[in-house]
Amino acid sequence: MALDATRTINGTFGEVWHDGEWLTNIKSAEATVELNKEEIQRAGTRWVAHKVTGLSGSGTMTGYKVTTEFIENIGKIADDRSGVFVTELILALKDPESFGAYRVRLKGVQFDNIPLINYEVGAIVEEELPFTFTGYELLDTISEA
């Protein structure tokens, strides 16, 4: 079957949702699950096999600086009486020409740093928020049929 180029997904229609709110300032997002493996030596072959022993989720979202909401939430850990900010994110792709929408819920999201301030004269201020997560759920998937 030949590729129908109109069905390829355009990242312009990507969305990040937090607490039921669409974060329209986010211009890029990615999330990946790394498979942690141990090497297994086997008798009778030079090939090394691998056993998955764990999973590790990480990602990044980058957007235009509009508010300090995430700095405030992530920064609560700096108060010795507060705990770490743990939340959930929903990442989505909803290109109207594709075969459907794709949504992933990320569980146990914790951000890696507190982005206090950055800027460059004459440039739009952007903010990068790297994070880890401890689980995911596919809410919607895309298939051709």
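Tutor: We shall take the aromatic pairs, then the salt bridges, then a charged patch. This is a predicted model, in which local features need pLDDT of at least 70 and side-chain atom pairs count only at pLDDT 80 or more, while totals for chains, interfaces and linings use all residues. Residues are numbered from 1 along each chain as its sequence is written, and side-chain values use heavy atoms, with hydrogens and water left out.

Student: How many aromatic pairs does a search of the whole structure find?

Tutor: Rings of Phe, Tyr and Trp (its six-membered ring) pair if their centres lie within 6.5 Å; planes under 30 degrees apart count as stacked, over 60 as edge-to-face and the rest as tilted. Searching the whole structure gives 5 aromatic pairs. In one of them, the ring centres of Phe-111 and Phe-131 are 6.0 Å apart and the planes stand at 70°, so this pair is edge-to-face. It links distant parts of the chain, since Phe-111 is in strand S6 (residues 102–111) and Phe-131 in strand S7 (residues 126–133), 20 residues apart. Strands (E, at least two residues) and helices (H or I, at least four) are DSSP runs, numbered from the N terminus.

Student: Are Phe-111 and Phe-131 buried or exposed?

Tutor: Buried means under 20% relative accessible area, exposed over 50%, and partly exposed in between (1.4 Å probe, protein chains only). Phe-111 has a relative accessible area of 10% and is buried; Phe-131, at 1%, is also buried. Phe-131 forms a further aromatic pair with Phe-133, a tilted one with 6.3 Å from centre to centre and 50° between the planes. Phe-133, like Phe-131, is buried. One aromatic cluster is formed by Phe-70, Phe-85, Phe-111, Phe-131 and Phe-133.

Student: How should I read the salt bridges, and which residue meets Glu-15 in one?

Tutor: Side chains of opposite charge can pair when their charged atoms come close. Here a salt bridge is a side-chain nitrogen of Lys or Arg within 4 Å of a carboxyl oxygen of Asp or Glu. The whole structure holds 7 salt bridges by this search. Glu-15 meets Lys-94, at 3.4 Å from N to O. Glu-15 lies in strand S1 (residues 14–18) and Lys-94 in the loop between strand S5 (87–93) and S6, so the pair ties together parts that are 79 residues apart in sequence. Glu-15 is buried at 13% relative accessibility, whereas Lys-94 is partly exposed at 34%.

Student: Which residue forms a salt bridge with Asp-140?

Tutor: The partner is Arg-103, and the closest N and O atoms are 2.4 Å apart. Because Asp-140 lies in strand S8 (residues 135–140) and Arg-103 in strand S6, this pair joins parts that are 37 residues apart in sequence. Asp-140 is partly exposed at 28% relative accessibility, and Arg-103 is partly exposed at 25%.

Student: Which residues form the negative surface patch?

Tutor: Patches are made of residues with over 30% relative accessible area and no salt bridge, like charges being joined within 9 Å. Asp and Glu count as negative, and the place of the charge is taken as CG of Asp or CD of Glu. The negative patch consists of Asp-19, Glu-21, Glu-69 and Glu-72. Glu-69 is found in helix H1 (residues 69–74).

Note on methods. Patch = residues over 30% accessible without salt bridge, like charges linked within 9 Å, V, L, I, M, F, W, Y side chains within 5 Å. Areas by Shrake-Rupley, 256 points an atom, 1.4 Å probe, with all protein chains shown as cover.
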